[in-house]
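Hi,

Here is the structure I promised to pass on. Have a look at it first, and then read on for what turned up.

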Amino acid sequence: MNERITGAEALIKSLIAEGVNLVFGYPGGAIIPVYDKLYDYTDQLKHILVRHEQGATHAAQGYARVTGRPGVVIVTSGPAATNVITGLSDALMDSTPLVVITGQVASSFLGSDAFQETDVVGITQPITKWAYQIRRAEDIPWAVARAFYIANTGRPGPVVLDIAKDAQNGLLEWSHQKCTYIRSYIPYPKINDEDLKAAADIINAAKRPMILSGHGVMISGAEKELAAFAEKADIPVTATLLGLSTMPSDHRLYKGMLGMHGNIGPNINTNRSDVIIAIGMRFDDRVTGDTSKYAPQAKIVHIDIDSSEFDKNIKTDATIHGDAREVLEKLLPLINPAEHSEWLKTFDECAKVEREKVIEREVFRTEGTMTMGEVAHKVSKATGDKAVLVTDVGQNQMFSSRYFRYTDPKSILTSGGLGTMGFGLPASIGAKMGAPERTVCFFTGDGGLQMTIQELGTIMEYGTDVKIILLNNNFLGNVRQWQELFFNSRFSQTPMVNPDFVAIANAYGIAAENVETREQLDDAIARMLNHKGAYMLNVNIDPTDMIFPMTPAGAAVDDIMLNANEKFQIN
């Protein structure tokens with residue numbers, strides 16, 4: 001006979017059996033039995049006490065994104081469960097594997113509007129891969145195994161287990177068996193040989209091909225396969241925001257970021273190329289602009305693990321349903337060696353204009369207040385371009401993503417699909433805990449930082465060595481930019497009266513300093529990076545600073561603003 005234990009203990013033992021050694025959470029009444037048993041397993045399962053349940057989900061996302069393993073969250077019922085909604089939605093949009101465990105009132109009280117009862121499954125089903133309520137102790141090992149299998153296979157995403165309190169207290173004979181199969185769920189489809197050949201024929205006939213590398217390349221660990229594929233066919237590689245770092249910034253074929261604030265070459269040449277090979281990306285509107293004017297002359301080859309993305313936004317000419325790494329491995333022998341030197345030169349011509357019209361102003365300014373671009377550039381350079389970049393959302397996100405350089409894979413964590421302000425601080429904590437050997441640089445604005453600023457307490461408690469670069473312009477900068485460009489400079493509710501951020505950091509035991517002038521910046525960055533422990537730079541940024549290039553919302557992808565008064569001219 002197997003050992004008889006409580007459902008709460010079975011949950012802990014099941015997590016450990018799934019290889020979990022770190023969880024993020026916050027206790028409460030409906031989950032107390034689990035936390036009581038956790039007390040006996042602290043040598044095997046480390047718990048990180050966050051300061052808000054939303055912070056737990058974003059920290060788990062950061063952990064998952066740098067490790068490739070599911071992030072785990074444990075919270076109680078009611079408001080705790082509703083506080084994880086933003087993180088679940090963010091994780092689903094950005095294909096991040098999470099297992100979120102919520103406490104629930106006893107099953108006999110379900111539906112009675114009991115204290116802190118919430119319909120967790122009903123609320124979370126639309127924003128998860130699977131949401132399940134456990135009412136019997138004996139179902140816990142099965143549900144946990146299934147949850148991890150669903151969260152981390154195919155297109156990854158979040159899963160919720162809502163565990164009634166009587167299920168936590170009930171007894172069962174514990175055993176754990178990993179889940180490796182669920183009927184009707186096929187996470188890794190068999191790749192169709194005819195689809196491979198059709199795609200290869202299109203690619204081999206291309207004169208002006210371009211690769212769009214998305215988050216799916218990073219998720220599948222296909223960075224080497226991507227490079228081999230691009231090098232054999234001499235194809236320029238561009239990246240979505242979440243696809244950054246799938247190819248090193250200094251690779252001769254890497255040509256920059258796509259999208260609203262992406263590099264000129266990738267966006268202009270989207271509408272010049274004759275074949276677009278999209279790998280692990282979903283043709284988000286920030287990448288395509290006006291879909292009716294998107295790459296009208298190009299044949300589209302789309303590779304993705306999720307077939308629902310095919311033809312959803314952009315009509316394709318060939319699709320390959322499968323994991324990016326496996327697809328590229330099978331496609332490579334079918335691709336002919338090629339040379340596209342003249343086509344590649346057109347990216348260099350665009351890059352020259354971008355440097356003269358945008359980058360010189362943003363990164364190498366010598367007068368006036370500091371810009372976000374120059375700060376990001378200098379921090380990246382000071383780390384040897386090897387740090388993990390974590391961003392919040394807004395101008396800080398776009399500037400740091402553009403001007404950081406990437407040497408190693410899995411080097412950017414940002415909220416892409418949902419655009420969650422407040423994501424960055426807890427995500428940086430999870431990233432550092434998942435990759436303690438790497439330098440983690442967190443870029444934020446004064447608006448986003450204050451949305452989850454309480455997580456400075458988590459940094460204080462665990463001594464998490466996160467480098468915080470606060471690009472402080474006393475505005476909600478991204479909204480301010482739109483107001484200036486498109487709403488006659490009517491700055492409605494975007495100026496901010498801010499606190500003394502250095503004093504707040506110091507109150508949490510975090511070293512910090514104000515950086516008021518450009519002359520102070522280099523030494524301040526060096527002090528931050530050499531300091532053992534968390535450090536904050538509160539950098540004084542020009543409030544009129546705007547992020548360019550910019551494709552206005554709803555415009556064609558090649559309709560690019562170089563500044564407020566000038567557009568890129570297509571030759």
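Before anything else, one cut-off: a residue is called buried when its relative accessible area is under 20%. By that rule Ala-435, with a relative accessible area of 4%, is buried. Please keep in mind that this is a predicted model.

Where does Ala-435 sit? You will find Ala-435 in the loop between helix H18 (424–434) and S17. Its C-alpha atom is separated by 9.8 Å from that of Gly-62, although the two residues are 373 residues apart along the chain.

Now to strand S5, which covers residues 98–104. How many of its seven residues are buried? The count is seven of seven, so the strand is mostly covered. Side chains in a regular strand alternate between the two faces of the sheet. In S5, Leu-98, Val-100, Thr-102 and Gln-104 point one way, while Val-99, Ile-101 and Gly-103 point the other way.

Next is an open sheet of six strands, in the order S11-S10-S9-S12-S13-S14, with parallel pairing. S14 and strand S11 (254–257) are the edge strands, each pairing on one side only. On average, neighbouring strands here are turned by 15° against each other, direction ignored. Strand S10 (residues 237–239) and S11 pair over three bridges, and Thr-238 stands opposite Gly-256 in S11. Helix H9 packs on this sheet, where it touches S12, S13 and S14, and its direction makes about 135° with that of S14.

H9 itself (residues 193–204) has twelve residues and spans 16 Å from its first C-alpha to its last, close to the 16 Å expected at 1.5 Å a residue. Which residues of H9 are buried? They are Leu-196, Ala-199, Ala-200, Ile-202 and Ile-203. Seen down the helix axis, these buried residues fall within an arc of 160°, so they line one face of H9. Asp-193, Glu-194 and Lys-197, on the other side of H9, are exposed. The partners that the buried residues of H9 pack against include helix H11 (223–233) and helix H14 (324–331), along with strands S12 (275–279), S13 (299–304) and S14 (318–321).

There is another open sheet of six strands to look at, also with parallel pairing, in the order S16-S15-S17-S18-S20-S19. Its edge strands are S16 (412–413) and S19 (511–515), each of which pairs on one side only. Two bridges join S16 to strand S15 (residues 388–391), and in S16 the bridge partner of Val-390 is Leu-413. Helix H17 (residues 395–403) packs on the sheet, touching S15, S16, S17 (440–445) and S18 (466–472), and its direction makes about 160° with that of S15.

Finally, the cysteines. A disulfide is a covalent bond between the sulfur atoms of two cysteines. How many disulfides does a search of the whole structure find? The answer is zero. Cys-350 is buried, with a relative accessible area of 2%, and so is Cys-441, at 0%.

Best wishes

Definitions and conventions:
Residues are numbered from 1 along each chain as its sequence is written. This is a predicted model: local features need pLDDT of at least 70, side-chain atom pairs count only at pLDDT 80 or more; totals for chains, interfaces and linings use all residues. Side-chain values use heavy atoms; hydrogens and water are left out. Two strands pair if DSSP finds at least two bridges between them. Helices (H or I, at least four residues) and strands (E, at least two) are DSSP runs, numbered from the N terminus. Contact means heavy atoms within 4.5 Å. Axes are lines fitted to C-alpha atoms, for helices over the stretch in contact, and angles run from 0 to 180 degrees between N-to-C directions. A disulfide is a pair of cysteine sulfur atoms within 2.5 Å. Buried means under 20% relative accessible area, exposed over 50%, partly exposed in between (1.4 Å probe, protein chains only). The expected span of a helix is 1.5 Å times one less than its number of residues. The arc is that of the directions from the helix axis to the C-beta atoms.
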